[in-house]
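Subject: Structure handover

Hello,

Here is the structure we talked about. Please keep it open while you read the notes below it.

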Amino acid sequence: MVSSLVNSVVACFLSSVVMCLGWVLAKRTIKDREKMSAFECGFDPIKSARSPFSLRFFLLAIIFLIFDVEIVLLFPVLSSIGFSFDLMANLGIYIFLLVLVIGLFYEWSEGSLDWAQ
């Protein structure tokens, strides 16, 4: 009983010492203008908000989000294909995969996936 109490006190003391040590070591000593300014998507917040930027970056980000969500939907669907060998039961899955592949080839043929253009 006494040894478990001593162990608890020692554990609390050591965790407090580690937290305080981390707080002291993590304090920022050099605070210059760049480190204290807000960083928002790679744009300098001090300059004009009307500066031109590449729309291809945003197009690629949207395409990534669309295909990322589709991949998240594909993982449980592909695991359920193994449980059912009926073609009609998996027809929706096959249609979803077909739409995904057609969309990928469309984006590829349109040139949206080529960053170097």
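The model is predicted: local features need pLDDT of at least 70 and side-chain atom pairs count only at pLDDT 80 or more, while totals for chains, interfaces and linings use all residues. Residues are numbered from 1 along each chain as its sequence is written, and side-chain values use heavy atoms, with hydrogens and water left out.

Helix α4 covers residues 91-110; helices are DSSP runs of H or I with at least four residues, numbered from the N terminus. From first C-alpha to last, α4 reaches 28 Å, close to the 28 Å expected at 1.5 Å a residue (1.5 Å times one less than the number of residues).

Its buried residues are I93, L100 and E107. Buried means under 20% relative accessible area, exposed over 50%, and partly exposed in between, with a 1.4 Å probe and protein chains only. Seen down the axis of α4, the buried residues fall within an arc of 60 degrees, so they line one face; the arc is taken from the directions from the helix axis to the C-beta atoms. The face turned away from that side carries exposed L98, V99, I102 and S109.

E107 has a relative accessible area of 17%. Apart from neighbours within four places in sequence, E107 is in contact (heavy atoms within 4.5 Å) with I63, F67, S112 and L113.

Just after α4, G111 has a positive phi of about 95 degrees.

Elsewhere, V10 lies in helix α1, residues 2-25, and is partly exposed at 42%.

Regards

Terms used:
Helix = DSSP H or I, 4+ residues; strand = E, 2+ residues; numbered from the N terminus.
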